[in-house]
Structure formats: C-alpha cells, structure tokens
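User: I'd like to go through this one with you. Can you take my questions as they come?

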Amino acid sequence: MRTILVLLLLNLFYSNATIAQEEVLRSGMLSSNENLIGITTGMDYSILPLTLSYQRGIDVNLKHPIRLGAEFTVPMFDFDLLDFRFKVLSEATILRKNNFEIRGGMNLTLVHTKMQTESMTSIGADFDLFVGFTNDKWNVGLKARYNQVVTTFIKHTDKYRDNVFEGAVDGWYRSTASNLRIGVLLNYRIKKFDIHIEGGISRTGTFQSYLFVPTIYGLVGVNFRF
Amino acid sequence: MQKTILIICALASIILLSSCGKDPLEANNLVPATVDDDSALPALEVNNTRLHLETFGDPNNQAIIFLHGGPGTGDYRAFTRMLERYDGYALTDSFFVIMYDQRGAGLSRRYGDINAAYSNSVPELSLANYLQDLEGIVDHFSPNQKIILFGHSWGGMHAMMYVNAHPEKVAAVILSEPGSFNAAIENELALGIASTNLLGEATNDVYWSHQNISPNNHQMLDYSFMNGFYNGLGPDYYHFSETDLLPIFRFGSVASLNDLGADGMDADGVYTFDFTTNLSQFTTKVLFINGDLNEILTPEFQDKNRAYLPNSELKMIYGVGHDLIWIKPGEHIELVKNYLDEVL
C-alpha cells in the first residue's frame, strides 16, 4: 500500500510540471541531452562498495529535464558477482523557485545476495525526495530514500537445511525488506566534474536497527559530464 | 493519456508481484513452527508459558535436566548427540533425561517486543522467569527426588541459579564450559564485538543482505540472526568447528538481544546478577568440563567460578572449542558417568 501511495504521489508531481523553459546549468542536475558517468564508494550496505553509473538528461516537455539512467554496484571491490545491485534510475524536479529546489525520484532495484545459508534476489523500488538549494556550483540539501522490496526469491543451501531448518521453503516471498535513509547531500561542480558527498542515518522501513552492522551510511563520488 | 496508462500498468504489475509471494512470517516457511504454531510438537505448560520439551528413558529413574546455552543462541538440539550410546553406555540406561528449550529459544514460545529486546527489558524474559520455569519442570517430573543438572555455557549459569535457590533439591551438577556465576566475574569478561574482519566476506554478506531481509519482526529477526552466525560472524574466540556446525532448531534473537534481562543487568548493560549467595550450602562435588581451545572460558576463568563452590573438579577435553557438547559427546558421557558413579 505504501508503494502504491508513493507511486501516485510521484505521478502527481511529474504531471504537475509544466512545459520546459530555458535551462540553466546547475550543480547536481543534468541539462537536456547532457550525459554523466560516475563512480561512488563509501558505506552503503557494504564497506567500500563500488558503484558505476550512467545518467542522461532528457527533455520530456516538462518544465525541467528529467534524469534517467542506470547504476551497478558490487560490495567491497569483491568482483565475484555473487553479490550485486542493479538500479534503473529516474529523477525529476518537482519544484524550483530561485535556488530552492525539490526533486523526486524513483528507481527500480534488483539486489542479489549469495550467502552460505541461502541466496536471495529481491525486486523493489527506491523512492527519493530531495529538498535543498542549488546554483551553478553548489547543490546542498536533505535527502530521504525509502526502499520497498516487493518480492524476493530465496533458495536455501544444505548448510541451512542441515543445521537449522530442514523444511525451509524455497521460492518467492513478498515484502521481505524495507529500508529508510535520511541524510545530507552535498554536490560541488568543477567544470565537467561533480564531486558529491552524502551521509546520514539508515534504518529499516519500520525504523528498526540493523543486526550486527552500522546504522549510518556515507558516500563519496565523482561524476563526469559530457 | 499514454503516461497515465503506463502508470496504471506499473501499479498493476507491483500489486501482482507483491501478492504472488509467500508470507515470510508464516511458520515453516523460512523459520520453523514453535509450540504455539504446531500443537504436535512435544511441549509442557509450566509457569504460564509453553516450552518445547522432550523426555527420554524410564521416568522411574532419577531425572537429569539439560540446560542449553544462550540465552536465545542455543537450544536442546545441541545436546541430542549425548542421547546416543557410547562404549555400550547411554545416559537413558540409568537416568530419566529431560531436555527443553528455554522460553524465547528454540521451538518454545516467542516473547517480547523487538525494541524492548535491544534495551534488555523484555519483561517475560527475566532471570526470575527462567528460574521459575525450571522450578516448574522439577516439580512436574521429580517432585520427591533430587535432580541432576547438566548445563552448557549460559545453561551452566542457569544451573547455578537453581542450585543457589534450591541447594537441597540437587543431587549433582555437571557444567560444560559454564559462563560466570556472578556479575563481578561476567563484567570482567568484556566480550568483544563478534566480527574481527570488517572487510571480510561474512560482514559483507550480512550487511548486504539487509537489502533483501529486514529484521522488523520476530521471524525476520531470527532469520537475520541466523545469517550472522552461520555466515561467519560468530565469535572466533570460541573456536567452533567449521565442518561440523553446532545445530539449532531456531535462533531466538529476541531472547539473545535481551541477554539476561532487566533483573540480570542494568540499563547500561552492566551485569548485576549473583548466583553465588547461597552456594556454600551445596557441598556435593560439581564437575566442570572444559575444552582446550576456548580463549575466553578457560580453566583459569573457571577457577573464579570454582572459588564459590566448596567442592569441585575440572576435567579437560582436548582439541575442541565451545561446541564441545556437540563435537565430543562421547567424552562427555564418559566423564558424566564416572562422576555420577562417584557422587550419587
């Protein structure tokens, strides 16, 4: 239900944007037909993950170009590809008044984790909201991200069956995870490059702590525009 | 119009996807049913709770009650190899064996709010209730005869809690690598964080998997807890076998997070319990059994516990860590038999 509500809100935001006007280069934003490739690391459900991304500004007859793209993340520079995350990214400016800006985004997510006891593949969505200020050099503000896993395929190994629960059922499970992040985003533009830093608190979608791992996140990255 | 159709299609796909999957909270999907989910499981109602409990052997024999480790991270499945026959002898030849999962652990009843567990304040998971459960079991199975207690790790502490309260009801005690008998000893232990390698695959897997599984409720918390322990985040200093894992019915995560509860520790996590106030009244020899690989619960550590007992003996089993009850059950049975032949 929460997923549907957020989707409806996003639809409302996207629909309310009006016809494109003159676009000014802004830090953290993409102009129409402008491309971006980026690399990011930090602490993001892993310590020192590596994220590679591509995005493009596209004019869809809204007031501002929207941003579409994709990103691929592997944890810990561990290139065995047993754990990975893939996202299809989208972001749009919902409101801009002078330098004040509100942006909303939705990403489709695919996350795979291979453990000794089970492997899990989750399909879900991120819902992003950014509120802050932007000019040609700086983009700074608060960013919230809610992720809802819609369904997860879980397959157990013999290790789990032999030592814990022999009767565990493999298959698709609904709504196995949700996560919430609230933090600060800072983006600084130097010619063709954006340097961005982001950090804050991280909890489950019902604001529970994680087990065994940090409940904060922090990211640093560089983007190249072309 | 086109955009509206696309949005409707996306919504329909999400609704379809989210309604197709199985319920992860349903018993016997990801984690097993407890005695509250499955009435066919062997159980005993005692002290207003329902415990997963099994008995083995002739009820006319003297009762020996097994107390597992934890709280929460163990259950009686770890003792099941000790029911087998070694060198022609099985415990059930001479004794009525009682094994149960403590409240909140194994297949016994779940308790508590997750948030309360993080602050060690689940009211039902208190030392007083752990003791009253055992008192109820003793009264049910052996009201007129002294019992024998076998405790492993926290189970050894649990055994001493009972001995301290009822020294007159206990005929013999075997403690396999027990934890501390009181807060003074326990607070000195200062056990470290489980993981020693932040960049290791185990940390990575557990951290990464929070995108697939959220510990928002009992079942998912148990599942996440299992992921931590069975994917390499278990404490290294216990030297558990990596090829013959200590098995468990279920990780009782809330019981584990709650630790000794509000009557065993204060709000800052400092231990306050004391099971030694009356131990001088128990003059029967107590048998301690230790592995040689455990780096924390060492023979020197056990000397601190033994100082509170008028009479005790420590026997070593070599080549094994804290999972000694599972890895070396035959050696345990031999030591137990010899000890009980001596003191009974």
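**Chain A and chain B, question by question**

Analyst: Among contacts in chain A between residues at least 6 apart in sequence, 56% join residues at least 24 apart. Keep in mind that this is a predicted model.

User: What does the secondary structure of chain A come to?

Analyst: Chain A has 2 helices and 11 strands. Along the sequence the pattern reads α-β-β-β-β-β-β-β-α-β-β-β-β.

User: And how many of the residues of chain A count as buried?

Analyst: The share is 36% of the 226 residues of chain A.

User: Helix 6 and helix 7 of chain B, then. At what angle do their axes cross?

Analyst: Roughly 160°, and the axes of helix 6 and helix 7 of chain B come within 8 Å. Angles over 145 degrees count as roughly antiparallel, so helix 6 of chain B is roughly antiparallel to helix 7 of chain B. The crossing of these two helices of chain B is right-handed.

User: Which residues meet there?

Analyst: From helix 6 of chain B, B:Glu201, B:Ala202, B:Thr203, B:Asp205 and B:Val206. They meet B:Asn227, B:Gly228, B:Asn231, B:Gly232 and B:Leu233 in helix 7 of chain B. By class, this contact between helix 6 and helix 7 of chain B has 3 nonpolar, 5 polar and 2 charged residues.

User: How far apart are the end C-alpha atoms of helix 4 of chain B?

Analyst: They are 17 Å apart. At 1.5 Å a residue, the 12 residues of helix 4 of chain B (residues 154-165) should span 16 Å, which agrees.

User: Helix 3 of chain B is in that cover. At what angle does its axis cross that of helix 4 of chain B?

Analyst: At roughly 75°, with the axes of helix 3 and helix 4 of chain B coming within 10 Å. The two helices of chain B are therefore roughly perpendicular to each other.

User: Which residues make the contact?

Analyst: B:Leu127, B:Tyr130, B:Leu131 and B:Leu134 of helix 3 of chain B, with B:His158, B:Met161, B:Tyr162 and B:Ala165 of helix 4 of chain B. The residues of this contact between helix 3 and helix 4 of chain B divide into 7 nonpolar, 1 polar and no charged.

User: On to the backbone. Where is there a cis peptide bond?

Analyst: Between B:Gly70 and B:Pro71, with omega about -5°. B:Pro71 sits in the loop between strand 3 and strand 4 (95-100) of chain B.

User: What is phi of B:Asp87?

Analyst: Near 50°, a positive value in a residue other than glycine. B:Asp87 lies in the loop between strand 3 and strand 4 of chain B. With 9 other C-beta atoms within 10 Å, B:Asp87 is exposed.

User: And what about phi of B:Asp259?

Analyst: Phi of B:Asp259 is near 55°, a positive value in a residue other than glycine. Its place is the loop between helix 8 (253-258) and strand 7 (286-291) of chain B. B:Asp259 is partly exposed, with 19 other C-beta atoms within 10 Å.

User: Last one: what does B:Asn61 touch, leaving out residues up to four places away in sequence?

Analyst: B:Asn61 touches B:Ser94, B:Phe95 and B:Phe96. B:Asn61 is found in the loop between strand 2 (49-56) and strand 3 of chain B, and is partly exposed, with 15 other C-beta atoms within 10 Å.

Notes: Residues numbered from 1 in each chain as written. Chains lettered and ligands numbered in written order. Predicted model: local features only at pLDDT ≥ 70, side-chain atom pairs only at ≥ 80, totals over all residues. Axes fitted to C-alpha atoms, helices over the stretch in contact; angles between N-to-C directions. Helix = DSSP H or I, 4+ residues; strand = E, 2+ residues; numbered from the N terminus. Parallel < 35°, antiparallel > 145°, perpendicular 65-115°, else oblique. Left-handed = near helix turned anticlockwise from the far one by under 90°. Contact = placed C-beta atoms within 7 Å. Nonpolar A, V, L, I, M, F, W, Y, C, P; charged D, E, K, R; others polar. Expected span 1.5 Å × (residues − 1). Buried ≥ 20, exposed ≤ 12 C-beta atoms within 10 Å, placed from the backbone.
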